[in-house]
Amino acid sequence: MAIDATQPYDEDNIFAKILRGEIPNKTVYEDEHALAFHDIDPKAPIHILVIPKGAYVSWDDFSARASEAEIAGFVRAVGHVAREQGLVEPGYRALANVGGHGGQEVPHLHVHLFGGAPLGPMLAR
Ligand code: 5GP
């Protein structure tokens, strides 16, 4: 079920548990500001999630409260992962769902990176 993006941060959300090492993940990249790992239920041949290490519910929360260093570090990590995975030349999609209408299910900011095949139209009509 989609979350309310204005809710307070839930320390028990699944990505908080992944960051604490309580739940396994297939990590593809990690640095001071970000962790990137394969989505458990991939919707494209390559489907990677990039999350900030800080406690932010959504893109909205992150863009409002994160420090300049966290924002720069996270954005650079998203770009780095896409390059490292060979997604740039064939092309890819970066997507962040926010709240109810966005269909966000996990209340910790994550950017989806989709690639590995033509992805079709941006949204189903
Ligand atoms: P959202 O709908 O919130 O934008 O996307 C949440 C994503 O997290 C989904 O694509 C879902 O498959 C993925 N996901 C949910 N639980 C887990 C998990 O425990 N591990 C991993 N790797 N991905 C998860």
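The following is a conversation about a predicted model, with reasons given for the labels used.

Visitor: Why is Phe-15 called buried?
Guide: Buried means under 20% relative accessible area. Phe-15 has a relative accessible area of 7%, so the label applies.

Visitor: Why does Phe-37 count as buried?
Guide: The relative accessibility of Phe-37 is 3%. That value lies under the cut-off of 20%, so Phe-37 is buried.

Visitor: What makes the pair of Phe-15 and Phe-37 edge-to-face?
Guide: Two conditions are checked. Ring centres must lie within 6.5 Å for a pair, and here the centres are 5.5 Å apart. Planes over 60 degrees apart count as edge-to-face. The planes of Phe-15 and Phe-37 stand at 75 degrees, so the pair is edge-to-face.

Visitor: Which parts of the chain does this pair link?
Guide: Phe-15 is in helix α1, residues 14-19, and Phe-37 is in strand β2. The two residues are 22 residues apart, and the pair links distant parts of the chain.

Visitor: How many aromatic pairs does the structure hold?
Guide: There are three aromatic pairs. One of them is formed by Phe-62 and Phe-74.

Visitor: What makes the pair of Phe-62 and Phe-74 edge-to-face?
Guide: The distance is 5.3 Å centre to centre, and the limit for a pair is 6.5 Å. The angle between the planes is 70 degrees. Since edge-to-face starts over 60 degrees, the pair of Phe-62 and Phe-74 is edge-to-face. Both residues are buried.

Visitor: Why is the pair of Phe-62 and Phe-74 said to tie parts together?
Guide: Phe-62 lies in helix α2, residues 59-65, while Phe-74 lies in helix α3, so the pair joins parts that are 12 residues apart in sequence. Ring pairs also link Tyr-56, Phe-62 and Phe-74 into a cluster.

Visitor: Which residues touch the most other members of the largest nonpolar core?
Guide: Val-50, Phe-74 and Leu-113 do, in a core of 17 residues. At least two residues of this core come from each of β2 (34-38), β3 (46-52), α3 (68-84) and β5 (111-115). The largest share, five residues, is supplied by α3. A second, separate core has seven residues, including Leu-35, Leu-49, Ile-51 and Val-106.

Visitor: What is Leu-113 in contact with, leaving aside its neighbours within four places in sequence?
Guide: Its contacts include Ile-46, His-47, Val-50, Val-78, Leu-87 and Tyr-92.

Visitor: Why is His-47 called buried?
Guide: His-47, found in strand β3, has a relative accessible area of 2%. The cut-off is under 20%, so His-47 is buried.

Visitor: What makes the approach of His-47 to His-112 a polar contact?
Guide: A polar contact needs a pair of N or O atoms within 3.5 Å. The side chains of His-47 and His-112 make such a contact at 2.8 Å. The side chain of His-47 also reaches the backbone nitrogen of Lys-43 at 3.1 Å.

Visitor: Is Asp-39 buried or exposed?
Guide: Asp-39 has a relative accessible area of 12%, under the cut-off of 20%, so Asp-39 is buried. Asp-39 lies in the loop between β2 and β3. A polar atom of the side chain of Asp-39 lies 2.8 Å from the backbone nitrogen of Asp-41.

Visitor: Which residues are closest to the ligand?
Guide: The ligand is surrounded by 18 residues, and Asp-39, Asn-97, Glu-105, His-110 and His-112 are the closest. An oxygen atom of the ligand lies 2.5 Å from a polar side-chain atom of Asp-39. For Lys-43, a side-chain N or O atom is 2.9 Å from an oxygen atom of the ligand. For His-110, the corresponding distance is 2.8 Å. The ligand has 520 Å² of accessible area on its own, and the protein covers 85% of that.

Visitor: Why does Asp-10 count as partly exposed?
Guide: Partly exposed lies between the 20% limit for buried and the 50% limit for exposed. Asp-10 has 32% relative accessibility, so it counts as partly exposed. Asp-10 is in the segment before α1, and its side chain reaches the backbone nitrogen of Asp-12 at 2.8 Å.

Technical notes: Residues are numbered from 1 along each chain as its sequence is written. This is a predicted model: local features need pLDDT of at least 70, side-chain atom pairs count only at pLDDT 80 or more; totals for chains, interfaces and linings use all residues. Side-chain values use heavy atoms; hydrogens and water are left out. A nonpolar core is a set of buried Ala, Val, Leu, Ile, Met, Phe, Trp, Tyr and Cys residues joined through side-chain atoms within 4.5 Å. Buried means under 20% relative accessible area, exposed over 50%, partly exposed in between (1.4 Å probe, protein chains only). Helices (H or I, at least four residues) and strands (E, at least two) are DSSP runs, numbered from the N terminus. Contact means heavy atoms within 4.5 Å. Rings of Phe, Tyr and Trp (its six-membered ring) pair if their centres lie within 6.5 Å; planes under 30 degrees apart count as stacked, over 60 as edge-to-face and the rest as tilted. A polar contact is a pair of N or O atoms within 3.5 Å; within protein, one must be able to donate a hydrogen and the other to accept it, and residues adjacent in sequence count only if both atoms are side-chain atoms. A residue is near a molecule or strand if one of its heavy atoms lies within 4 Å of it. Accessible areas come from the Shrake-Rupley method with a 1.4 Å probe; for residues, only the protein chains shown count as cover.
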